[in-house]
Amino acid sequence: MHLKKLNTALFPVRYNDKYYADALASGEFTKLAYYSDICVGSIACRLEKKKGGAIRVYIMTLGVLAPYRGLGIGTRLLNHVLYHCSKRNISEIYLHVQTNNEDAINFYKKFGFEITETIKKYYTNIDPPRLLCTYKAHRYITS
């Protein structure tokens, strides 16, 4: 329920039941962040099996409420996922970011994520409709 409330406050998209099922199924790869007992941020991932059995992580959402940004909460959430990737020898992580979300793009670049493609007309009800696919592959992920 906390994740659903946060997503409503943070994102211009409404997520379906599959999103929440994937987030729950990912176990430690989905995490809520609290500040003084207030739920202020989250990271939600989906684990995907690739051909050959390898697993990759898709970061579905990462967000922190505006008054709590700049306190390192987003960094801790992402580091949490990177740590669990390292622990499970998962070497591929990817995510999507809206093209106009420069703060998020710069945040992910600090962690070594690279823009690999732009998907035009990804969104039908959001401006701009373009989306960036960012990708990070590691042999060894360190926290």
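Predicted model: local features only at pLDDT ≥ 70, side-chain atom pairs only at ≥ 80, totals over all residues.
The protein exposes about 8900 Å² of surface, and 49% of that area is supplied by carbon and sulfur atoms. Of its 143 residues, 43% are buried.

Let me start with the overall layout. The protein has four helices and six strands. Going along the sequence, they follow the pattern α-α-β-β-β-α-β-α-β-β. If you take the contacts with a separation of 6 or more, 55% of them are between residues 24 or more positions apart.

What does S3 pair with? One partner is strand S2, residues 38-49, which pairs with S3 in the antiparallel sense over nine bridges. Within that pairing, Cys45 has Ile59 of S3 as its bridge partner. S2 and S3 form a hairpin with five residues between the strands, and in that hairpin Gly52 takes a positive phi near 90°.

Strand S4, residues 92-98, is also joined to S3, this time by three bridges, and these two strands run parallel. Here Ile59 comes up again, with Leu95 in S4 as its bridge partner. Tyr58 stands opposite Tyr94 in S4. As for S4 itself, six of its seven residues are buried, so S4 too is largely enclosed by the rest of the structure.

Now the packing. As a reminder, nonpolar side chains in soluble globular proteins tend to be buried together. In this model, the largest nonpolar core holds 26 residues. Which of them touch the most other members? They are Ile43, Val57, Ile59, Leu62, Leu78, Tyr108 and Phe113. The elements giving two or more residues to this core are S2, S3, H3, S4 and helix H4, residues 102-110. H3 provides the largest share, with six residues.

Take Leu62 from that group. If we leave aside neighbours within four places in sequence, Leu62 is in contact with Phe11, Ser42, Ile43, Gly74, Leu77, Leu78, Phe107 and Tyr108. Another core, of eight residues, lies apart from the largest one, and its members include Ala23, Tyr58, Met60 and Tyr94.

On that point, a word about strands in general. In a regular strand, side chains alternate between the two faces of the sheet. With that in mind, look at Tyr58 and Met60 in the eight-residue core, and at Val57, Ile59 and Leu62 in the largest one.

Met60 is worth a stop. This residue is found in strand S3. Is Met60 buried or exposed? Its relative accessible area is 12%, so Met60 counts as buried. Not counting residues up to four places away in sequence, Met60 touches Tyr19, Asp22, Ala23, Ala44, Cys45 and Arg46. Met60 and His96 are 36 residues apart in sequence, and their C-alpha atoms are 7.7 Å apart in space.

At 10% relative accessibility Glu92 is under the 20% cut-off, so it counts as buried. What joins the side chains of Glu92 and Lys50? It is a polar contact of 2.6 Å.

Last, two backbone details in loops. Most residues other than glycine have a negative phi. Which residues here have a positive one without being glycine? Ser36 is one of them, with phi near 50°. Ser36 sits in the loop between strand S1, residues 31-35, and S2. Its relative accessible area is 61%, so Ser36 is exposed.

Asn89 also has a positive phi, near 55°, and is likewise a residue other than glycine. Asn89 is placed in the loop between H3 and S4. With a relative accessible area of 70%, Asn89 is exposed.

Terms used. Residues numbered from 1 in each chain as written. Heavy atoms only, no water. Pairing = 2+ DSSP bridges. Core = buried A, V, L, I, M, F, W, Y, C linked by side-chain atoms within 4.5 Å. Buried < 20%, exposed > 50% of the residue type's maximum accessible area, 1.4 Å probe, protein only. Contact = heavy atoms within 4.5 Å. Areas by Shrake-Rupley, 256 points an atom, 1.4 Å probe, with all protein chains shown as cover. Polar contact = N/O pair within 3.5 Å; in protein donor to acceptor, adjacent residues only side chain to side chain.
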